[in-house]
Every structure is written in C-alpha cells, then in structure tokens.
Amino acid sequence: MTAFHLAQVNIGRIVAPLDGPELADFVAQLPEINALAERSPGFVWRMVDDEGEDATGFRPDERDDMLLINCSVWESVEALRNFTYHTDHLRVLSRRREWFHRMAEVHQALWWIPAGHRPSIAEAMERVARVREHGPGPLAFTFRDPHPAPPTTAQVQGHVLECRAAVDLP
C-alpha cells in the first residue's frame, strides 16, 4: 500500500444545458464510462453529487451554471493515464468538442494526496488555479509534466540508512 494517491480534476464548460438534446449522447454514456473507471486497475474513488451517480449536479463556480467538474483519485499517474487513453474512455474523450467549449485557460490538474483523503470541490479548484497561476509543479501538475509522489517517511529513512551503510563499508 502506498502512502500517497493521485487526485485529478477536470473542469469544462458545456455547450448547452445537460438536459438538452446537444448533450444527450454525452449524458447517456456517463454510467458506462463511470463504471469502466471503477473497474479499472488503480481506481480509488470518484466525486459524486447527491444523486450518487456522477458529479453533474455540482457547479464548481457559482457564477457559471455551465461549468462542470470531474474529480477522481487513482493509485498512480500510470493508472490514470491507462484509463484515460487506453480504454473506451478515449472514445468519449475524442468527442469532447461536441459537448464542451474549448477552454483558453488550464482546465485540469493532478496532485498527490495522502491515501484515504478525498478532495473537495474547493481543493480541486485551488489546484487548477495553482497550475493556471504558477504552471505545473510538485503541488499541482499535468500529464505533460508529471511529478513523482512525495517520499514517505519510511522511504526517506530507508534512503538515509542505505547511505550510511554505503559510507560504513570498507
């Protein structure tokens, strides 16, 4: 078991109301894609609204009724990358321009969290803002510029002991 998991957030502005015909195909595919995520190796958790099926009931910006959020937790960058780009999720992702406006600013972020932690909407939006304001770094990054998980105390102690052992050798 690892001490850290990877959180991810994506936000997007839909082209029409969720209950409109423009988004009918997107909405129809949500249960399938969410179930696929939950069955995927390395999946830990995903944010759901009060309905308990997906996060489409959340509005991460109270001034923008068309902004949606997707947030989930994975065991690793590799697990999330495999789900995103090597499953049927890619089929839906490739159609995103039909359902979402192209955003001029950063709309996603990845960051390491202690295992067991579940990010809030505010925390997720703060990570998007961090990438927007400071670029990718160890506290918030993207697939293009991933950062390793922080070392655990055991890893740090093990490294120190390993270094001491190497120094003590004749």
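Reader: Is Arg91 buried, exposed or partly exposed?

Author: Relative accessible area decides: buried is under 20%, exposed over 50%, partly exposed in between, with a 1.4 Å probe and protein chains only. Arg91 has 35%, so Arg91 is partly exposed. This is a predicted model, where local features need pLDDT of at least 70, side-chain atom pairs count only at pLDDT 80 or more, and totals for chains, interfaces and linings use all residues. Residues are numbered from 1 along each chain as its sequence is written, and side-chain values use heavy atoms, leaving out hydrogens and water.

Reader: Which residue forms a salt bridge with Arg91?

Author: A salt bridge puts a side-chain nitrogen of Lys or Arg within 4 Å of a carboxyl oxygen of Asp or Glu. Arg91 pairs with Glu32, the closest N and O atoms being 2.9 Å apart. The pair links distant parts of the chain: Arg91 lies in helix α3 and Glu32 in helix α1, 59 residues apart. Helices (H or I, at least four residues) and strands (E, at least two) are DSSP runs, numbered from the N terminus. Glu32 is partly exposed too, at 41%.

Reader: How many salt bridges does the structure hold?

Author: Seven. Another joins Arg46 and Glu38, at 2.7 Å from N to O. Arg46 counts as buried, at 15% relative accessibility. Glu38 is partly exposed, at 42%.

Reader: Where is the kink in α1?

Author: A bend is the angle between axes fitted to the seven residues ending at a residue and the seven starting there. In α1, a kink of about 40° lies at Leu30, shortly before Pro31.

Reader: Which residues of α1 are buried?

Author: An α-helix has 3.6 residues a turn, so residues three or four places apart point the same way. The buried residues of α1 are Phe26, Gln29, Leu30, Ile33, Asn34, Leu36 and Ala37. Their cover includes β2, β3, α2, α3 and α4.

Reader: Which members of the largest nonpolar core touch the most others?

Author: In soluble globular proteins, nonpolar side chains tend to be buried together. A nonpolar core is a set of buried Ala, Val, Leu, Ile, Met, Phe, Trp, Tyr and Cys residues joined through side-chain atoms within 4.5 Å. The largest has 25 residues, and Leu6, Leu23, Phe26 and Trp74 touch the most other members. Its largest share, five residues, comes from α1. A second, separate core of 16 residues includes Cys71, Val73, Ala109 and Val131.

Conventions. Contact means heavy atoms within 4.5 Å.
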